[in-house]
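Please keep the sequence and the model in view while reading.

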Amino acid sequence: MKRTSTYFPKTGQVPDNWRVIDATGQTLGRVARDVAVALQGKDKPIYTPHVLTGDHVVVLNADKIKVTGRKPLQKMYYRHSGYVGNLRSFTLRDLLEQNPERVIQLAVKGMLPNNKQGRHMLQRLKVYSGNSHPHQAQTKG
């Protein structure tokens, strides 16, 4: 009787693929979900939890993202420097005006694992508010 073994990809065996996602008119949570799945590699048949099997992701037009309901006024983001009395709070509307890339990064960060591998996945995310990006090898065409 022949025994078959399960294939586990090693760290150097997974190719580095790039995905370009256009966020124009899309809902924030749905874009963040698609990006998180792509970064983790959960949509690939070779997905392994302990190996980075995900792709590099470039998100374009972060400033044209949609948010439903009253979230722009009610959703709060917090930042603390570590010193007493230095807790800063921002609404989603303020953060979208000042730094729309940060909104998508924080949404994706909340959907990734909270460990070293999740931090490596987040480093593979590139978010731009415009329609162009500096990653020339990943352009369509």
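A contact here means heavy atoms within 4.5 Å. In this predicted model, contacts of the protein chain between residues at least 6 apart in sequence join residues at least 24 apart in 65% of cases.

The secondary structure of the chain consists of five helices and five strands. Read from the N terminus, these elements follow the order β-α-β-α-β-β-α-α-α-β. The C-alpha trace spans about 65 × 45 × 30 Å along its principal axes.

Burial and surface can be considered next. The protein chain has 141 residues, of which 33% count as buried. Its accessible surface comes to about 9500 Å², and carbon and sulfur atoms account for 50% of that area.

The charges form the next topic. There are 23 positive and 9 negative side chains in the protein chain, and 9 Å lies between the centres of the two sets. Which residues form a positive surface patch? The patch is made up of Arg 79, Arg 88, Arg 102, Lys 109, Lys 116 and Arg 119. Two or more of the patch residues come from helix H4 (100–109), and two or more come from helix H5 (116–123).

Arg 119 is located in helix H5. Why does Arg 119 count as exposed? The relative accessibility of Arg 119 is 52%, and the exposed class requires over 50%; Arg 119 therefore counts as exposed.

How values were computed. Residues numbered from 1 in each chain as written. Predicted model: local features only at pLDDT ≥ 70, side-chain atom pairs only at ≥ 80, totals over all residues. Heavy atoms only, no water. Patch = residues over 30% accessible without salt bridge, like charges linked within 9 Å, V, L, I, M, F, W, Y side chains within 5 Å. Areas by Shrake-Rupley, 256 points an atom, 1.4 Å probe, with all protein chains shown as cover. Salt bridge = Lys/Arg side-chain N within 4 Å of Asp/Glu carboxyl O. Lys, Arg positive; Asp, Glu negative; His and termini not counted. Charge placed at Lys NZ, Arg CZ, Asp CG, Glu CD. Helix = DSSP H or I, 4+ residues; strand = E, 2+ residues; numbered from the N terminus. Buried < 20%, exposed > 50% of the residue type's maximum accessible area, 1.4 Å probe, protein only.
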